[in-house]
Amino acid sequence: MTIFSHPSFARHEHVSFIQDAATGLKAIIAIHSSRLGPALGGCRMHAYSTDDDALTDVLRLSESMSYKAALAGLPLGGGKSVIIGHPSTDKTPALLEAFGRAVEHLGGHYIVAEDAGTGAADMRIISRQTQHVTGLADPQRGTGDPSPNTAYGVFLGLQSAVQDRFGDTSLQGMQIAVQGLGHVGMRLCALLHEAGAQLWVADPLAERVRQAQERFSAHVSTPEQIHSTAVDVFTPCALGASINDHTLPELHAAVVAGAANNQLLRPEHGDLLRQRGILYAPDYVLNAGGLIDVFYQHGEFYSSTRVRAHIERIPTTLAKIFATAREQQMATNRVADRLAKTMLL
Ligand code: NAD
């Protein structure tokens, strides 16, 4: 198969395959679009089963970064990178530096940030070789971790979906099932708990579940069953494709709104959610808070007030998508994609 006939190739502008024998680096950088600006996107490190899985992931993720940046009103294109390897056993400073050189080679067309399997400390190492990196810990800009702002944006977006579906933004007494208690999920639980929601949680890591029980009086479910809990809102904050042929018929929630990227296995799952009367808040609109954060971190004048003010525009974008979807009887993910694609023409 060539790259151009790959099922996830979406007229990407640029795809680099990087190999560095000295450090063992194998990576792919994909720039989907630079129509609105340089392509900013995270670097995911993962022990992919096959090279094709890595390629599929980076192509899909970089395409949705273009849409995310466009609908967040940022002057950014869409890009993403993957390093093939296990983050806890294969990651070395030399490997990250080799990756930094590959980013530098692209001359600023791609700006790297953290993603699953990488963090602020890794970005610091990458920055020895390139200035085209963001999400660095800095005394003025904090830890570099965008997750708190991702959680804040998801919280606001979830509220806006609840308002659309139930006619009230109040989360008091609202029953919400959160799948995944990582960087974003746990912080989101704190915001939801503070707003009076009643939580159900699941994570394969027992310690995280115990924490959520203790801090938020959360009810405990399992990773296999959390999607089918009888709640008002299902909130995927773990991996992608949590809405699929198997889980969709088992959903009881009236709203799906969470942080995870690529929640729908295929776009048709958005149509099926609509047919079932379930309101889906498109993931890349809802979870743009982290991108907004790293965009401002990369600029000269970072201010947390400015970041939060930008994130507070997410509910307005969502409200527009929900209204258009209703008027045109379309799935919300299709409306969001169409809107974003128009902005990229
Ligand atoms: P994370 O790795 O910190 O947390 C993910 C959590 O999900 C972990 O606790 C893991 O144990 C748990 N998990 C894995 N499989 C599960 C399952 N089957 N059921 C329940 N829990 C499961 O990741 P994160 O940074 O919190 O990000 C969560 C999601 O949000 C990811 O899809 C990520 O791509 C997306 N996202 C994150 C950010 C950010 O700023 N961190 C920004 C945008 C999107």
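Analyst: A crossing is called right-handed if the near helix is turned clockwise from the far one by less than a right angle, and left-handed if anticlockwise. The crossing of α4 and α5 is right-handed. This is a predicted model, in which local features need pLDDT of at least 70 and side-chain atom pairs pLDDT 80 or more, while totals for chains, interfaces and linings use all residues. Residues are numbered from 1 along each chain as its sequence is written, and side-chain values use heavy atoms, without hydrogens and water.

Helix α4 covers residues 147-166 and helix α5 residues 183-194; their axes (lines fitted to C-alpha atoms over the stretch in contact) are 8 Å apart, at an angle of about 50°. Within the contact (heavy atoms within 4.5 Å), α4 supplies S147, P148, T150, A151, Y152, V154, F155 and L158, and α5 supplies H183, V184, R187, L188, L191 and L192. These residues divide into 10 nonpolar, 3 polar and 1 charged, with Ala, Val, Leu, Ile, Met, Phe, Trp, Tyr, Cys and Pro counted as nonpolar, Asp, Glu, Lys and Arg as charged, and the others as polar.

Around the ligand are 24 residues, of which T150, H183, D203, R208 and A238 come nearest; a residue counts if one of its heavy atoms lies within 4 Å. Polar contacts are pairs of N or O atoms within 3.5 Å. A side-chain N or O atom of S147 is 3.3 Å from a ligand nitrogen. A polar backbone atom of V184 is 2.9 Å from a ligand oxygen, and a backbone N or O atom of A238 lies 2.7 Å from an oxygen atom of the ligand.

Terms used: Axes fitted to C-alpha atoms, helices over the stretch in contact; angles between N-to-C directions. Helix = DSSP H or I, 4+ residues; strand = E, 2+ residues; numbered from the N terminus. Polar contact = N/O pair within 3.5 Å; in protein donor to acceptor, adjacent residues only side chain to side chain.
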